[in-house]
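Please open the model in your viewer and keep the selection tool at hand.

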Amino acid sequence: MKMTRLWMSPLRAAFVLPGILLAAALTGCSGSAVTGGDTTAVTVTVGGVPSSTAPASASPRATPRPRGAAIPSTVTAIRFTISGAAIDNIVETVPVAGGAPLTVTLQVPSGPGRTILVEALDDAGIPHFRGTTTIDASGVPLSITIGMGIDSSNPGLQTWAPVGDAVSPSSTLNRLAMGDGIVVAAGTAREVLSSTDGISWSPRSPGDISGDVSALSFGNHTFLAMTSSGNFSAFPPVWTNRFFAAPGDNVDSWILRGSVVETFGPLADIDFGGGIFVAVGGDSVYRSADNGATWSSGTIPGVSFLADVAYGNGRFIAVDGAGDNVAVSTDGASWSVVPVGLPSPDHIEKAGFGGGLFLLTTSAGDVFTSADGASWLQRTRFADIGGLDTSVSRVAYGGGAFLIVTGSP
């Protein structure tokens, strides 16, 4: 029996499901904190931002499903810090014991530009989650809600431990995707698991899925998994790339949605953005506006081995894993190719998006970022940090920080 193990930071569910963990986590707790002279009464509710009031630019893949969520046992208090011009910082800590939203009334020194920082602490006083807002305290009572996300400075993000084991005869989990409040993991031998908190995982029916899942994405309330198989009796060999879909509210219902046949080899990756899924491989790109049922094809001159695709800031980027070039598109149909400016013989490996920036890694351990996919800025080399392996398997973003996963070549 082969054991497939899932690893997670002690930040627990919030690392996987940011923005919903505290949405209904601290109820029934209310009180008064921070007193002073010329003040404004500010009633603060601490929790996640409901999807109905989320910013319009929020990614559809991160939209939380309405559901309750228990506060992690590591959080025992909420700390409020009030700061602003001409006042000393005021700090008050309120103990919590679990529940749904926490509401307190703060007496904020009156004046413009008062910043309220809220931090969720463990019993050692280490912040796990944080949120902030700035108000003008004019003396008129206010009521506000402050959403909280992962505190990326938490040392817990540097410590990982197994949180669940999935047993099957011969499977290896190698892909994750999140959407509609669910995380789905998939891999070889038609293995599919799901979790709502990142800790407890349930096996799911693979339905129509056949073969090993080599790519997985979420968009438009749909998980889309890709498998590839080759017919080597033909010359040149012919590869069939199949796409299987499951709705976010029923990840036991995987059906074959569509397929793409190629001769260069299997497609490398898929991603969602702007209402469409995009799949890439070789110098080819495919786009689907109906959740993988039909695909329109195209080629991108100037690239030879598209290895990864990412979406952000209203555009896709597809990286040439055999060279220096990045292809950029706002619609998945028309693409422009730009060089990053890597030193030879360095080449691009993986790409990701988060915090308003695209990030790509290279075979030499370099990191480049860009807001638009066209102009790239070189950053600190991750290869210089502790002699890390420069072979990158994944780039991910969460809690205000990028995560680069390396492995043996």
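Strands are here DSSP runs of E with at least two residues, numbered from the N terminus. With that in mind, and remembering that this model is predicted, select Pro-345, which sits in the loop between strand S27 (336–339) and S28. The peptide bond joining Ser-344 to Pro-345 is cis, with an omega of about 5 degrees.

Five bridges connect S28 with strand S29 (residues 357–362) in an antiparallel pairing, and if you select Phe-353 you will find its bridge partner in S29, Phe-358.

Next, go to Pro-236, in the loop between strand S17 (222–231) and strand S18 (238–247), where a cis peptide bond with an omega of about -5 degrees joins Phe-235 and Pro-236.

The last two stops concern phi. Most residues other than glycine have a negative phi. His-221, in the loop between strand S16 (213–219) and S17, is not a glycine, yet has a positive phi of about 60 degrees; at 47% relative accessibility it is partly exposed. Finally, select Ala-189, in the loop between strand S13 (182–187) and strand S14 (192–195), where phi is positive at about 55 degrees although the residue is not a glycine; Ala-189 is partly exposed, with a relative accessible area of 41%.

Definitions and conventions
Residues numbered from 1 in each chain as written. Predicted model: local features only at pLDDT ≥ 70, side-chain atom pairs only at ≥ 80, totals over all residues. Heavy atoms only, no water. Pairing = 2+ DSSP bridges. Helix = DSSP H or I, 4+ residues; strand = E, 2+ residues; numbered from the N terminus. Buried < 20%, exposed > 50% of the residue type's maximum accessible area, 1.4 Å probe, protein only.
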